[in-house]
Amino acid sequence: MREVAFIKQNKEKWLEFEQGFSNKEKKSPDDLANLHIKIMNDLVYAQTYYPKSKVTKYLNKLAKASFDKVYHSKRRNKNVLLYFFFDKVPLLSYQYRKYIYLSFIIFFACFFIGLLSTFNDASFARQILGNSYIDQTLENIESGDAMAIYKSGSNWGSFIGIYDNNQRVGLKMFLSGLFVGIGTGFYVVYNAIMVAVFQAFFYQNNSFFDSVKGIWIHGTYEIFSMIIEAAAGYIIGASMLFPGAYKRFESFKRGMKHAFYIFMSTIPFTLLAAILEGYITRYSNTLPTIICFAIIIFSLASISYYYLILPFKVANKHNLR
């Protein structure tokens, strides 16, 4: 469609939007949300076909005004936390789903490399995990308790230390996106290979089942959150490299804000991972196998639903698909 025809076809609608988002007309939060969605659809079309046009700049301003109006309206009419976790983050996860998929692809590609390296190089595990860890774990395996390393310290002390460490790793992955995403990629490569080496090492020492039963009780939330935190880092990097119709600094501010919201959404899962590691993993060898795998399956189902399924449901609710 030519730009003139596009403007003629939608001009009246845009004027109606301006009035709807001004204080001259009172509209319900749902009506405001629907108007915002229509504006966003027109903006995406204009960015695609008329990226340097004045109409694109106009729609961009209108979209920003409508977003602010919708956000403040939602905040007044809904619990802030519920809105954040069950509307805002799922919509952002849908918007940036390609970065989440990319994060999974990179992680598991590096995981596969880690497996191959461990199985083809007898010294690789020691290079990655360190001699002291390998020697201690071999002693634990020989004594019949492969997961004994998780039993050191108190429940509370372990929980605090584990949460602090995991949150620091996640924050590094997120903030490393400031180095146009390259820093995030480095942390993903290192951690994915380490997880693979860890798992392959137990397999080579006939303790694979014990490791899966114990490690993934907390590791499901921990690793999945890490992948989402990496996706947030990629969003920051992409906002600097590919500003689109925005000015580069505006694109960066927008990407940074959205990435921060996604990063914040991982904190409850990181907290749950620390609780499980501090209070449950240490008892994995005495817990019934069915309970261990029930925890693992529930963890995987809940976090997968939140980041991979719920975003599509929320997008459907807002007519974004």
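This is a predicted model: local features need pLDDT of at least 70, side-chain atom pairs count only at pLDDT 80 or more; totals for chains, interfaces and linings use all residues.
Me: Which kind of aromatic pair do Phe107 and Phe108 form?

Reply: The angle between the ring planes decides this, and over 60 degrees the pair counts as edge-to-face. Phe107 and Phe108 stand at 85° with 5.4 Å from centre to centre, an edge-to-face pair. For Tyr221 and Phe269, the planes are at 40° and the centres 5.6 Å apart, so that pair is tilted.

Me: Which parts of the chain does the pair of Tyr221 and Phe269 tie together?

Reply: Tyr221 belongs to helix α10 (residues 208–241) and Phe269 to helix α12 (residues 267–279), so the pair ties together parts that are 48 residues apart in sequence. Both Tyr221 and Phe269 are buried, and they belong to one aromatic cluster whose members include Phe107, Phe108 and Phe224.

Me: How many salt bridges does the structure hold, and where should I look?

Reply: There are four salt bridges, and one of them joins the side chains of Arg168 and Asp164 at 3.0 Å, N to O. These residues are four apart in helix α8 (residues 155–175), which means that about one helical turn separates Arg168 from Asp164. Arg168 is exposed at 52% relative accessible area, while Asp164, at 37%, counts as partly exposed.

Technical notes:
Residues are numbered from 1 along each chain as its sequence is written. Side-chain values use heavy atoms; hydrogens and water are left out. Rings of Phe, Tyr and Trp (its six-membered ring) pair if their centres lie within 6.5 Å; planes under 30 degrees apart count as stacked, over 60 as edge-to-face and the rest as tilted. Helices (H or I, at least four residues) and strands (E, at least two) are DSSP runs, numbered from the N terminus. Buried means under 20% relative accessible area, exposed over 50%, partly exposed in between (1.4 Å probe, protein chains only).
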